[in-house]
Amino acid sequence: MASKATISMLMVGRTGSGKSTSGNMILQKEAFDTSPEFCSITQECSLQSDTILGMIVQVMDTPGLFDTGKSHEEVGLRIVQCVINMHPGPDVILYVIRIGEKYTAQDFAAYRRFKMLLGSSVTRHMMVLFTGGDKLRKTGTTIEQFVKHVPDNLHTVLRECGGECIVLNNELTFANGQTQVANLLGKVQELRRMNDYRPYTCYSYGRVAKTLEEVEAVRREVRRKLGEVEEQEARATQYWQEREAQFKQMLDRLTLTQGVYDKRMTDFAKQMEEEKQKRLDAWLLKKEQEERALEARKKEEERRLLEKKREHDRRLRWEREEHERQIRNEQERQRRIQEEERKRQRTILAAEAEERRRSLAERERELEREREAVERRLAEEQRASMQQTLRTVVMVGRVIFDVSRIALRLMR
Ligand SMILES: Nc1nc2c(ncn2[C@@H]2O[C@H](COP(=O)(O)OP(=O)(O)OP(=O)(O)O)[C@@H](O)[C@H]2O)c(=O)[nH]1
Ligand SMILES: [Mg+2]
C-alpha cells in the first residue's frame, strides 16, 4: 500500500478542458505546458511532483481523451501505459470538465471508452473536476446550482463518480489559489480514505510493458476493449435506428397529425434514448461484474501467491536456522576436538618434559659420581704424593742422622 503522505493523481479529460493548467495549480508551479484555447497541446503523459501542504503530490498529465487527431487506439494505449507506469496506480483520477463548454455525446462516449479500458471499478477512484470556476463566480452561480442543470449523461458520470465534484478557478495566481487546492486535497484524501488508501490498480494489463512484445500485448488488449465498446455502440445505434424506422412506418400507417406525430416522435425518441441507455447500462453492469470477478480472481491469485511466498520464506527461514544450528554444532565439535587436541599436546609435552627432567637428573647424578671419582683419585694421588714426600723426608733425615753420627764419631 502506498504511503498516506503521498498522493498520486491522474488527470484525464477532453483536449483544452484544463488538465495541464489544473495540474499546475495543484502543484503550485508551471510544471506542465498549457495550451491556448481549443488547441491540443499535451501529446504525451508526463509525471510531475512536489510537496504541497506537507504531502508529496504526484500529478500525471495525459493527452486529450479520445478527441485529438490521434486514433482512439493510440490515445487509449498511451493512457493505459500512463496508468500502468504509475505503479501501483493512481490514488485518484480527476476527470476534468470545463464549465461553459457543452458536455456532448462524444464526451460521454469518451468517458465510457475510458471506463471500458480501465474497468468499471475505476469509477471508485474517479472524481469530476470542473475548471472555469471564474465563470461561476462571474455569474454568481454555486456549483450545486450549476450541477442541477447539467445534461443527463453528465449526471450519470457524476453519479458513477461518487456524486462529489471539485471546482478550480485556474485564473487565480498560485498564491491566491492555495485555498481551493487545500479543498481539493481534502476531498481527494476523503476519497482515498473511502478506498482504504488502496490505489487504482489496472489488473487487465498486468505489469509495466517494457519490451515491444509487452507493448504490443497491451495494444492488443486496448484494441480488443475499444472494439467491444464500438461494437456495442454500433449495435445500440443500429437498434435505435431500426426502432425509429419501424416507428416512422407505424406513424405513417396511422397517418397521425403532425402535432401528435411530433409529440409522439419526441416521446418515442426519449423512450428510445432511455432504452438505449438502459441497455448500455445493463451491458456496462455486466462488464463491471465481469471486471469485479476478474479483479477478485486476481486478488485471490495474489493472495495465494503471497501465501506461497510466505510459506517459502518460512521454509527458507527454517532451513537457514537449521543450517545455522548445524554450523554451530560443527563449530562446537571443532572446538571440542581442538580442546582435546590441546589437552593431548599438553600431556605429551608434560611427559616429554618429565622424561627430559629425569634424564637431566640422571645425567647430573652421573656427573656427580664422576666428580666424586675424580676427587677420590685426586685425594689418593695427594696422599700418595705426601707419603712419597714423607718417605723422602725420612730418608733425608736418616741420611742426615747417619752423616751426623759419622761426623760425631769422626770428631771423637
Ligand atoms: N478561464 C479559465 N480558463 C482556464 C481554466 N483552466 C484552464 N483554462 C484555459 O484553458 C486552456 C486549455 O488549458 P490546458 O490546461 O492546456 O488544457 P489541457 O486539458 O491540458 O489540453 P490538452 O493538453 O490539449 O489536452 C488554457 O488556455 C487555459 O488557460 C479556468 O479555470 N478558467
Ligand atoms: Mg495539457
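Residues are numbered from 1 along each chain as its sequence is written, with chains lettered from A and ligands numbered from 1 in the order in which they are written. In this predicted model, local features need pLDDT of at least 70, side-chain atom pairs count only at pLDDT 80 or more, and totals for chains, interfaces and linings use all residues.

Six strands form an open sheet of mixed pairing, in the order S2-S3-S1-S4-S5-S6. Strands (E, at least two residues) and helices (H or I, at least four) are DSSP runs, numbered from the N terminus. Two strands pair if DSSP finds at least two bridges between them. Strand S2 (46-52) and strand S6 (165-168) are the edges, each pairing on one side only. From one strand to the next, the twist averages 30°. Axes are lines fitted to C-alpha atoms, for helices over the stretch in contact; angles run from 0 to 180 degrees between N-to-C directions.

S2 and S3 are antiparallel and share seven bridges. Thr-51 stands opposite Ile-56 in S3. Their hairpin has two residues between the strands, and Leu-53 takes a positive phi near 50°. Strand S1 (residues 6-13) runs parallel to strand S4 (residues 92-98), joined by five bridges. Here Gly-13 faces Val-96 in S4.

Helix H7 (residues 178-194) lies across S1, S2, S3, S4, S5 and S6, at about 160° to S6. Contact requires C-beta atoms, placed from the backbone, within 7 Å.

UniProt (unreviewed entry) places a "coiled-coil region" at residues 280-384. UniProt positions follow the numbering used here, feature names are shortened, and annotations may be inferred rather than shown by experiment. Over residues 280-384 the chain is 100% helix and 0% strand, with end C-alpha atoms 150 Å apart.

Technical notes: Two residues are in contact if their C-beta atoms, placed from the backbone, lie within 7 Å.
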